[in-house]
Amino acid sequence: MLVFISLGLLNPRLKPLKTLQSTLYNLKHTKPMSQSTSIPKKQLRVRDHGFDNYMEIEKKTRKVLKFQSLILSQYNQTLPISRLDNLAGRLGFKQFEAGAFILKFPHVFEVYEHPVQRVLYCRLTRKAVNQIMQEKEALLAQIPDAVTRLRKLIMMSNEGRLRLEHVRIARYEFGLPDDFEYSVVLKYPQFFRLVDASETRNKYIEVVDRDRRLTVCAIEKVREREYREKGMDAEDVRFKFMVNFPPGFKIGKYYRIAVWKWQRVPYWSPYEDISGYDLRSIEAQKRMEKRAVATIHELLSLTVEKKITMERIAHFRMAMNLPNKLKGFLLQHQGIFYVSTRGNHGKLHTVFLREAYRKGELVEPNGLYLARRKLCELVLSSSRKANVDRGLVHYRGDREDDEMERFRRDCSEDGFEGGKEGKDGEREDDLNLELSCDVGSDFTDEDDDVDGIEKAEKAQLNG
């Protein structure tokens, strides 16, 4: 470049000033074409609206769960409307926002007038109570699976133990009950051991025995299925991860080559002890980076809904050798994970396992996941169906009162009293039982079909 500039200055035919300015401008503003075949460290996040919409529903469900726990903590599981604003302030609601929020979800919350006090109360609907019972039953039914998940989670740590508090924070994601310290850890002493650390005064959960049958990762099963079904080359599928980039993600030629090279890089299993390995070489650093991807992949595979917040993953960062800059590391592998900032004003980052979802639903759902999704269905149900259900309830109640009044009138005309002993009293009790059974059989809270309800009303009116 210096030779070119000097020749330009010595040649009188050329304009040295313009030549120098144009040369410097080209050197300053021309960007060299990147031909690197390695995955770039910094990448912009490309949104996937399917997962973001999932988190918008999760945002509403999270608030509904807070209100449910508030109502269930009250006496007789009812809450006076007069105390609603004061108690809802603990949940982050402003004045008069709690009442409007409850009215948005008529399939979950019910506002009624107390028959004696003539005061408005709020309680859970029968559908919401049934959903809570179903979720509890599903949670208890999958306790053996939760024990296996907890064993695998602890086996991924460096020292074979995890802090009890860190597991307690993430118990909802791993399908553990609230009292898992007693119902899981202490109940199975052949698998777990509860230890008090003298130096930190923290409780740790240790695994008693490392079962080699549990050291098989979920991605290894996926690779085996891909190899058997699609007949792929064994060398290509040996260390491969399922990559599915979000819509709109630009994949260039050299980036595609970088991903292909990264897929063939070997790595150590998350369950393997690496304390005796030399990790100073470049090859070892590449293996550790891919091992961190496998660790987060396995961590998400152990959750019930194949998702967990990034802040809760950070609790296991030191115990599982995860990188410090976790968000940038996850954005570097957007084809495997998706980081969503929706749901809590951008304060929480939810990490999804992309291969586990299809069209907003889990590919392999479990019982606990399905029970939790029923609450989302109640949240998304329209208020029109709730009004029809409520009207049918009032209609059935009026019909029952009319029949009971007619029965008392017939008894008074025949000369019988309501509290008389003997066969007539037994007959009245049997009739009351038949009426109550008839009411319960004609209507249930699960009848959401409007056409079916209209047919039932017509049949009752004709009868």
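Strand β2 (residues 109-113) and strand β3 (residues 120-124) pair in the antiparallel sense over five bridges; two strands pair if DSSP finds at least two bridges between them. Helices (H or I, at least four residues) and strands (E, at least two) are DSSP runs, numbered from the N terminus. The model is predicted: local features need pLDDT of at least 70, side-chain atom pairs count only at pLDDT 80 or more, and totals for chains, interfaces and linings use all residues. Residues are numbered from 1 along each chain as its sequence is written, and side-chain values use heavy atoms, with hydrogens and water left out.

**Sheet β1-β3-β2**

- Three strands make an open sheet in the order β1-β3-β2, and the pairing is antiparallel.
- β1 (79-80) and β2 are the edge strands, each with a single partner strand, so one side of each has no neighbour in the sheet.
- Helix α3 (residues 49-72) packs on this sheet and touches β1, β2 and β3; contact means heavy atoms within 4.5 Å.
- The direction of α3 makes about 115° with that of β3; axes are lines fitted to C-alpha atoms, for helices over the stretch in contact, and angles run from 0 to 180 degrees between N-to-C directions.

**Hairpin of β2 and β3**

- Opposite Phe109 stands Leu124 of β3, while Glu110 has Arg123 of β3 as its bridge partner.
- Six residues lie between the strands of this hairpin, and Arg118 takes a positive phi near 55°.
- Leu120, in strand β3, has 45% relative accessibility and therefore counts as partly exposed. Buried means under 20% relative accessible area, exposed over 50%, and partly exposed in between (1.4 Å probe, protein chains only).
- Leu120 also belongs to a nonpolar surface patch with Leu103 and Val111, and together they have about 280 Å² of accessible area.
- Patches are made of residues with over 30% relative accessible area and no salt bridge, where like charges are joined within 9 Å and nonpolar side chains (Val, Leu, Ile, Met, Phe, Trp, Tyr) within 5 Å. A salt bridge is a side-chain nitrogen of Lys or Arg within 4 Å of a carboxyl oxygen of Asp or Glu.

**Sheet β4-β6-β5**

- An open sheet of three strands runs in the order β4-β6-β5, with antiparallel pairing.
- At its edges stand β4 (161-163) and β5 (192-196), each with a single partner strand, so one side of each is left without a neighbour in the sheet.
- On average, neighbouring strands of this sheet are turned by 30° against each other, direction ignored.
- Three antiparallel bridges pair β4 with strand β6 (residues 203-207), and Arg161 stands opposite Glu206 in β6.
- Leu194 lies in strand β5 and is partly exposed, at a relative accessible area of 27%.
- Ten residues separate Leu194 and Tyr204 along the chain, and their C-alpha atoms are 5.8 Å apart.
- Beyond its neighbours within four places in sequence, Leu194 is in contact with residues including Leu164, Val185 and Tyr204.

**Whole protein**

- The protein has 20 helices and eleven strands.
- Of its 463 residues, 40% are buried.
- Among contacts between residues at least 6 apart in sequence, 66% join residues at least 24 apart.
- The protein exposes about 28300 Å², of which carbon and sulfur atoms supply 52%. Accessible areas come from the Shrake-Rupley method with a 1.4 Å probe; for residues, only the protein chains shown count as cover.
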